[in-house]
Amino acid sequence: MSKLNERKVAVVGCGFVGSASAFALMESGLFSEMVLIDVNKDKAEGEALDISHGLPFAKPMSIYAGDYKDAGDAAVVVVTAGAGQKPGETRLDLVKKNVGIFKSIIPEITKYNKDGILLIVANPVDILTSVAAKLSGFPENRVFGSGTVLDTARFKYLLGEHLDVDSRSVHAFIIGEHGDSEIAAWSSANVSGIPINDFCEMRGHFEHEKSMKRIAEDVKNSAYGIIEKKGATYYGIAMSVRRICEAIIRDEKSILPISSIQHGDFGIDGVALSMPAIVGRNGVEGSVPIRLSDDEKAALKASGDTLKQVLEEAF
Ligand SMILES: NC(=O)c1ccc[n+]([C@@H]2O[C@H](COP(=O)([O-])OP(=O)(O)OC[C@H]3O[C@@H](n4cnc5c(N)ncnc54)[C@H](O)[C@@H]3O)[C@@H](O)[C@H]2O)c1
């Protein structure tokens, strides 16, 4: 059994998402050691050097390019390796390519690291989380995906803009698939305890249905829009990775919509998708069954069914 270094993180895949996440993790001060791993060793080495040059403005830390053996004692292994979404391609289109990559990298990670947490970020993140759980044999609390943490951040940001209020005071979740079948959980959304529709009216917005539809669509399509304009998305997900690692390493027991294997809630079983969950040092420490309307429940079930079908076809 590998003994874990609580202050160590490994990032597998050093493309846009991996390097931006590594940068955010360096700035966070959460870790004192970070190993970067990529099939393209030069890329990992270049990123390790570039990010290290910011250290005099942050906190001391050892950042280096390495291999899977170096990740053996990492408390958290962040997996971003995989092909990115091409313009016009859905996340599910990526599935076969990235399942193949996971079949080669997950066994390499678990050969050396038996006790860490696997945080899956590569897309389609829900499918790859299910695949990583099977390939690793890790207990399910220690294998989960970034899920809709990013989509939820986009949701809060857009609601904050719409209502002219600090997005941190907005409590709302995107749940289900990180992708086209995701659900904006309006029925539980609130601003510091005030139901969302009441707060909208306080701010002079009365066309609830129309605004809800527009904002949910904007959240869902934001990745497509950014990819169209700049080829990839990485800053928002980097902050999401940092936030999840913070909840783990500081044992915060924060409620975050990470993607984890479901066991029957809302009729969804045996596939990973996002529901609010308590995240702490043991990874996923419990689910938080938020209240949903009948329409939201039906949409969530449909999202689970879609994912299950893709998982069965791909793995
Ligand atoms: N979960 C989210 O919210 C979210 C957000 C944005 C992007 N993503 C996903 O993250 C993944 C990475 O995106 P990106 O923009 O960084 O792509 P990228 O092409 O820039 O980087 C991918 C990296 O993975 C490496 N890689 C490929 N195969 C590997 C292997 N077998 N072993 C080790 N490294 C390997 C490549 O060399 C490359 O450096 C994609 O699947 C993308 O869709 C997820």
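Predicted model: local features only at pLDDT ≥ 70, side-chain atom pairs only at ≥ 80, totals over all residues.

Reader: Which residues of H2 are buried?

Author: The buried residues of H2 are Ala 44, Glu 47, Ala 48 and Ile 51. They cover an arc of only 100° around the axis, which puts them on the same side of H2.

Reader: And what is exposed on the other side of H2?

Author: Asp 42 and Leu 49 are exposed there, on the other side of H2.

Reader: What do the buried residues of H2 pack against?

Author: They pack against helix H1 (16–28), together with strand S2 (33–37) and strand S3 (62–65).

Reader: Let's do the same for H9. What span should helix H9 have at 1.5 Å a residue?

Author: Helix H9 runs over residues 294–314, and its 21 residues should span 30 Å at 1.5 Å a residue; the end C-alpha atoms are 30 Å apart, which agrees. In H9 the buried residues are Glu 296, Leu 300, Ser 303, Gly 304, Leu 307, Val 310 and Leu 311. They cover an arc of only 130° around the axis, which puts them on the same side of H9.

Reader: Which exposed residues sit on the face of H9 turned away from its buried side?

Author: That face carries Asp 294, Asp 295, Gln 309, Glu 312 and Glu 313, which are exposed.

Reader: OK, and what covers the buried residues of H9?

Author: The cover includes helix H3 (95–112) and helix H4 (125–136), and from the strands it includes S8 (174–175), S9 (183–184), S13 (259–263) and S14 (269–274).

Reader: How do S1 and S4 run, parallel or antiparallel?

Author: Strand S1 (residues 5–12) and S4 run parallel, and 5 bridges join them; within that pairing, Val 11 stands opposite Val 78 in S4. S4 also pairs with strand S5 (residues 117–120) in the parallel sense, over 4 bridges, and there Val 76 stands opposite Ile 117 in S5.

Reader: Can we zoom in on one residue in S4? Ala 75, say: buried or exposed?

Author: Ala 75, which has its place in strand S4, is buried, because 22 other C-beta atoms lie within 10 Å and the cut-off for buried is 20 or more.

Reader: What does Ala 75 touch, leaving out residues up to four places away in sequence?

Author: Ala 75 touches Leu 4, Asn 5, Glu 6, Lys 8, Val 9, Gly 116, Ile 117 and Ile 249. As a reference for distance, Ala 75 and Asp 269 are 194 residues apart in sequence and 28 Å apart in space, C-alpha to C-alpha.

Reader: Now the antiparallel side of things. In what order do the strands of the S7-to-S11 sheet come?

Author: The 3 strands form an open sheet in the order S7-S10-S11, with antiparallel pairing. The edge strands are S7 (170–171) and S11 (194–195), each of which pairs on one side only. S7 is joined to strand S10 (residues 190–191) by 2 bridges, and His 171 stands opposite Asn 190 in S10.

Reader: Last one, the overall picture: what about the radius of gyration of the chain?

Author: With 315 residues, a compact globule would have a radius of gyration near 20 Å, and the chain has 19 Å, which agrees. The C-alpha atoms fill a box of roughly 55 × 45 × 35 Å along the principal axes, and the chain has 9 helices and 16 strands. Of its 315 residues, 47% count as buried.

Key. Residues numbered from 1 in each chain as written. Pairing = 2+ DSSP bridges. Buried ≥ 20, exposed ≤ 12 C-beta atoms within 10 Å, placed from the backbone. Contact = placed C-beta atoms within 7 Å. Rg over C-alpha atoms; globule rule 2.2 N^0.38 Å. Arc of directions from axis to C-beta. Expected span 1.5 Å × (residues − 1).
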